[in-house]
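Hi,

Here is the structure I promised to pass on to you. Have a look at it first, and then read on for what turned up in it.

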Amino acid sequence: MALQEANWESIHKWLQPKQSEYWVEEPSLTQKVFLKTTAQEVLFGGAAGGGKSSALLMAALQYLDVPSYSAILFRRTYADLSLPGALMDRFREWIAVFDDIHWNANQYTATFPSGARVTFGYLNNSQDYLRYKGSEFQFIGMDEVTEIREADYRYLFSRLRRPSTGPLSQVPLRMRAATNPAPNWVRQRFLVEGSDKGRIFVPSKLTDNPGIDPESYRAGLQELDPVERKRLEFGDW
Ligand SMILES: Nc1ncnc2c1ncn2[C@@H]1O[C@H](COP(=O)(O)OP(=O)(O)OP(=O)(O)O)[C@@H](O)[C@H]1O
Ligand SMILES: [Mg+2]
């Protein structure tokens with residue numbers, strides 16, 4: 001019995017993703033699967049409201065204990081990033097409760113006590129990727145990735161790097177994306193070719209998210225045309 005309990009405890013511990021003291025929300029089971037997945041390229045999502053944006057923030061915030069760790073989160077436009085409730089706005093709310101994080105409003109970069117950084121960026125125009133030419137990241141996250149050009153997504157793999165020695169060499173290189181279904185390159189890359197190429201898709205549903213009232217969220221989807229509604233409500237690609 002004692003042995004069984006010990007086993008459960010170790011299994012439970014093994015299932016836990018690397019945590020961050022900066023997580024404001026406790027990850028749901030599907031968010032934990034996303035956060036625990038070790039493959040280089042992972043897509044999270046499907047249905048609307050499944051906790052995709054929060055999961056990307058949580059993923060970026062892992063490994064902040066490693067000095068020089070650098071993460072970046074993208075949306076297609078600056079407005080998409082910064083509107084109230086949007087990704088960067090939510091991030092700033094999350095870090096506002098800590099007084100030892102420095103926010104640089106010109107560079108959209110937060111520097112943590114270890115020296116690790118989380119930056120926000122956008123890829124609106126076809127030349128915007130050039131801004132990241134000299135940079136190097138261990139984590140690249142893209143929210144609503146179906147709005148982002150495939151060429152930009154692929155270019156950013158060249159910025160996913162780490163040194164061969166020192167603490168940063170132990171940090172996994174992670175390309176992480178989230179989206180609702182859309183019939184474009186993302187579907188091809190993950191749903192069609194994914195399993196042959198080691199690209200992982202972690203589906204999430206509205207009901208997986210403990211932070212949302214599913215009934216009111218569902219009610220808001222009733223006005224959509226049937227195809228869009230199936231995408232957003234059921235994560236149907
Ligand atoms: N694990 C969690 N615990 C508590 N609240 C959560 C959790 N994950 C997400 N939330 C909250 O639920 C709401 C919806 O989550 P989120 O915006 O991450 O979902 P989404 O899948 O990105 O939604 P959308 O499809 O609208 O982009 C947000 O208010 C978010 O803060
Ligand atoms: Mg979102």
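E147 counts as partly exposed because its relative accessibility is 37%, where partly exposed is the range between buried (under 20% relative accessible area) and exposed (over 50%), taken with a 1.4 Å probe and protein chains only. E147 forms a salt bridge with R75, with the closest N and O atoms 3.0 Å apart; the term stands for a side-chain nitrogen of Lys or Arg within 4 Å of a carboxyl oxygen of Asp or Glu. This pair links distant parts of the chain, since R75 is in strand β2 (residues 70–75) and E147 in the loop between β6 and α6, 72 residues apart. R75 is buried, at a relative accessible area of 13%.

Before going further, a few ground rules. This is a predicted model, so local features need pLDDT of at least 70 and side-chain atom pairs count only at pLDDT 80 or more, while totals for chains, interfaces and linings use all residues. Residues are numbered from 1 along each chain as its sequence is written, chains are lettered from A and ligands numbered from 1 in the order in which they are written, and side-chain values use heavy atoms, with hydrogens and water left out. Helices (H or I, at least four residues) and strands (E, at least two) are DSSP runs, numbered from the N terminus.

Back to the salt bridges: a search of the whole structure finds 15. One of them joins R189 and E41, whose closest N and O atoms are 2.6 Å apart. R189 sits in helix α7 (residues 185–192) and E41 in strand β1 (residues 41–46), 148 residues apart, which again links distant parts of the chain. Both R189 and E41 are buried. They also belong to a network of salt bridges that links E41, R189, E193 and R199.

Another bridge is found within one helix. E228 and R231 meet through their side chains at 3.3 Å, N to O, and both lie in helix α10 (residues 226–234), three residues apart, about one turn of the helix. E228 is partly exposed at 26% relative accessibility, whereas R231 is buried at 17%.

Now to ligand 1. There are 20 residues around ligand 1, and E25, Q31, K52, R90 and Y217 come nearest; a residue counts here if one of its heavy atoms lies within 4 Å. A nitrogen atom of ligand 1 is 2.9 Å from a polar backbone atom of E26, and an oxygen atom of ligand 1 is 3.0 Å from one of G49. Taken alone, ligand 1 exposes 630 Å², and the protein buries 78% of that (accessible areas come from the Shrake-Rupley method with a 1.4 Å probe; for residues, only the protein chains shown count as cover).

K52 also belongs to helix α3 (residues 52–61), where 10 of 10 residues are buried. Y63 follows α3 and has a positive phi, near 70 degrees.

L56, one of the buried residues of α3, is also touched by G141, along with I72, L73, F74 and R176, not counting residues up to four places away in sequence; touching means heavy atoms within 4.5 Å. G141 lies in strand β6 (residues 139–143) and is buried, with a relative accessible area of 0%.

Happy browsing!

Methods. A polar contact is a pair of N or O atoms within 3.5 Å; within protein, one must be able to donate a hydrogen and the other to accept it, and residues adjacent in sequence count only if both atoms are side-chain atoms.
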